[in-house]
Amino acid sequence: MSGDGLEAASGFANWAWLVRAVLLAVLLFWVVGAYNRLTRLRSAIGAAWGQIDEQLARRAAALDSLLELVREPLADEVTTLSALAAAQERQQQAARAVRAKPHLAAALQAWQLAESELASPLARLQALLEHRRDFEGAEAVRPLIRQLVELVPRMSYARQSFNDAAAAYNAAVQEFPTRLLQRPFGFRPTASL
């Protein structure tokens, strides 16, 4: 091979190396950017859960106070009160599990189940209190009932914020080529509320 041929082959090898290096750099920058985007979206789910968690804490405090106030006057309704206390405890345990990793679909589904189990005894207690307005301590109970009622639209708003964050995250996780990052980095779709 002549000197010109060696120089051409050497120049081509340099260009090929440079092209590979540029492609690798572009791929690396894309992976870092996509990873950061998914992480940001997953963090937004955590922030949205924080709003729900705040409303849950308010509701738990109101329910604890309410149960304490009505325990004696409604002693004949111990089954309802016990069911409500047990359902609230299950809901709080499920909420703690979600608080640790609010993007895990299984934890969110367990919380939703616990939340639905809480609805029936809570509605039963509210109906009992509505029916028995004459018991001693009814004046102290009214503000707590009002607080529980006022928390419903706040919780609904917080859930909608969570669902919006979850939808944005799920859309990003399902997009191609971002979908390629699911397995290596553990990005999994989440559940909505």
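Which residue's side chain meets that of E89 in a salt bridge? In this predicted model, where local features need pLDDT of at least 70, side-chain atom pairs count only at pLDDT 80 or more, whereas totals for chains, interfaces and linings use all residues. Residues are numbered from 1 along each chain as its sequence is written, and side-chain values use heavy atoms, with hydrogens and water left out.

The partner of E89 is R96, at 3.5 Å from N to O, a salt bridge being a side-chain nitrogen of Lys or Arg within 4 Å of a carboxyl oxygen of Asp or Glu. Both E89, at 36% relative accessibility, and R96, at 40%, count as partly exposed, a class lying between buried (under 20% relative accessible area) and exposed (over 50%; 1.4 Å probe, protein chains only).

Eight salt bridges are present in the structure, and another of them joins the side chains of R59 and E115 at 2.7 Å, N to O. This pair links distant parts of the chain, with R59 in helix α1 (residues 3–70) and E115 in helix α3, 56 residues apart; helices are DSSP runs (H or I, at least four residues) numbered from the N terminus. R59 is buried at 11% relative accessibility, and E115 is likewise buried at 12%. The side chain of E115 also makes a polar contact with that of Q91 at 3.4 Å, the term denoting a pair of N or O atoms within 3.5 Å of which, within protein, one must be able to donate a hydrogen and the other to accept it, residues adjacent in sequence counting only if both atoms are side-chain atoms.

Definitions and conventions. Helix = DSSP H or I, 4+ residues; strand = E, 2+ residues; numbered from the N terminus.
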